[in-house]
Amino acid sequence: MQLNELLDTLPGYAKDLKLNLSNLLQQPELTKQQIWGTAVACAVAARNPHLVEAVAAEASNHVSPQIIEAAKGAAAIMGMNNIYYRFQHLTSNQKYATLPARLRMNIIRSHGVDQADFELWCVAVSAINACGTCVDSHEKVVREKGLSEDAILGSVRIAAVVHGLAAVLDGEPVLASEALPV
Amino acid sequence: MLGVGEKFPSYSVQATVSTDQKKAFKTITDMDYAGMWKVYFFWPKDFTFVCPTEIAAFGKMNRDFQDRDAQILGASTDSEFVHLAWRTHHEDLKNLPFPMLADVKRDLSEQLGILDHKEGVAQRATFIVDPDNVIRFAYVTDLSVGRNPQEVLRVLDALQTDELCPCNWQKGEATLVGA
């Protein structure tokens with residue numbers, strides 16, 4: 001389904017999310033690559049298949065397949081790193097931080113797109129997956145590469161809204177189904 | 001023997017790449033497989049006891065190595081015809097998915113420092129070489145002891161696993177300069 005068609009299926013209570021998304025996808029603070037890469041990576045991280053499909057399809061009208069592929073890569077690798085490094089900041093045992101991770105993550109260098117963009121998508125995904133260490137470290141890298149707090153927040157807003165939409169799209173079909181037992 | 005950090009030697013040899021008489025031989029040099037990692041493993045002699053098990057074991061794991069952008073290259077000082085006869089003759093080697101280099105002049109083995117001077121053949125040596133042709137792992141066992149391809153894969157994995165995530169960087173350390 002196309003993204004605007006999917007958004008049209010949203011119930012009335014989710015209107016804020018629908019309007020927020022439409023504004024955020026056109027925000028001037030970010031480039032098209034930053035916007036759509038964030039949207040794709042966050043849709044993957046938020047896990048609703050219909051949203052992933054619709055966002056990726058719409059993204060292909062605005063950015064290259066390489067960007068979409070790299071954004072999916074960011075969601076993939078952060079899906080892993082967000083758990084591993086979240087463990088590290090959750091545990092009170094500091095020793096873990098000194099032990100080698102032994103996890104391949106070559107895509108963080110081999111994605112083939114702008115490094116600042118890739119790191120920005122990582123920040124957004126880390127916000128969804130709730131890894132504090134990842135949010136801090138990738139946010140720092142992104143600012144060192146010249147992006148402003150405004151730009152970063154622009155990306156995090158997309159993450160927030162996409163996540164909210166995924167939750168609605170997960171629950172709504174079940175609620176609407178007449179086969180629900182009483 | 002050449003070790004870690006040294007450049008893998010230049011070479012040009014004939015190699016046996018299949019049991020099909022028409023397409024069996026190919027010239028292979030150090031410039032082939034550009035951009036890939038290479039896993040060279042040498043054995044002393046074709047048609048002997050320990051070797052086929054190891055070679056077949058590497059063969060079964062070829063896909064794992066290819067997934068890690070690594071090309072396996074077997075080698076001995078036997079000629080390409082001996083390799084062909086051995087592959088044709090031995091059930092486990094018929095469909096070997098990687099080339100067998102024929103270091104007949106013993107030039108490559110000599111440059112690597114793995115030519116056993118008593119026996120005149122290559123020692124049982126394994127080298128992992130990176131895309132810049134630098135040796136990153138060198139392992140050799142005495143003539144009669146086989147080696148463990150799982151271990152070679154483990155090392156390749158470890159060599160390719162860099163902690164590229166800023167989450168690993170301590171306060172005060174220099175930042176990684178992006179590509």
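This briefing covers a helix pair in chain A, a sheet in chain B and the contact between the chains. The model is predicted. In chain A, helices H3 and H4 have axes that come within 9 Å. In chain B, seven strands form an open sheet.

**Helix pair in chain A**
- Helix H3 (residues 32–46) and helix H4 (residues 49–59) of chain A cross at roughly 165°.
- Angles over 145 degrees count as roughly antiparallel, so H3(A) is roughly antiparallel to H4(A).
- The crossing of H3(A) past H4(A) is left-handed.
- H3(A) contributes Trp36(A), Ala39(A), Val40(A), Ala43(A), Val44(A) and Ala46(A). These meet Leu51(A), Val52(A), Val55(A), Ala56(A) and Ala59(A) in H4(A).
- That contact has eleven nonpolar residues, with no polar and no charged ones.

**Sheet in chain B**
- The strand order is S2-S1-S5-S4-S3-S8-S9, with mixed pairing.
- Strands S2 (25–29) and S9 (135–141) of chain B each have a single partner strand, so one side of each is left without a neighbour in the sheet.
- From one strand to the next, the twist averages 30°.
- Strands S3 (residues 37–42) and S4 (residues 70–76) of chain B pair in the parallel sense over six bridges.
- Val39(B) has Ile72(B) in S4(B) as its bridge partner.

**Helices on the sheet**
- Helix H3 (residues 80–89) of chain B touches S1, S2 and S5 of chain B. Its direction makes about 20° with that of S1(B).
- Helix H5 (residues 149–160) of chain B touches S3, S4, S8 and S9 of chain B. Its direction makes about 25° with that of S8(B).

**Contact between chains**
- Chain A gives 19 residues to the contact, and chain B gives twelve.
- The chain B side divides into six nonpolar, five polar and one charged.

Notes
Residues numbered from 1 in each chain as written. Chains lettered and ligands numbered in written order. Predicted model: local features only at pLDDT ≥ 70, side-chain atom pairs only at ≥ 80, totals over all residues. Axes fitted to C-alpha atoms, helices over the stretch in contact; angles between N-to-C directions. Helix = DSSP H or I, 4+ residues; strand = E, 2+ residues; numbered from the N terminus. Parallel < 35°, antiparallel > 145°, perpendicular 65-115°, else oblique. Left-handed = near helix turned anticlockwise from the far one by under 90°. Contact = placed C-beta atoms within 7 Å. Nonpolar A, V, L, I, M, F, W, Y, C, P; charged D, E, K, R; others polar. Pairing = 2+ DSSP bridges.
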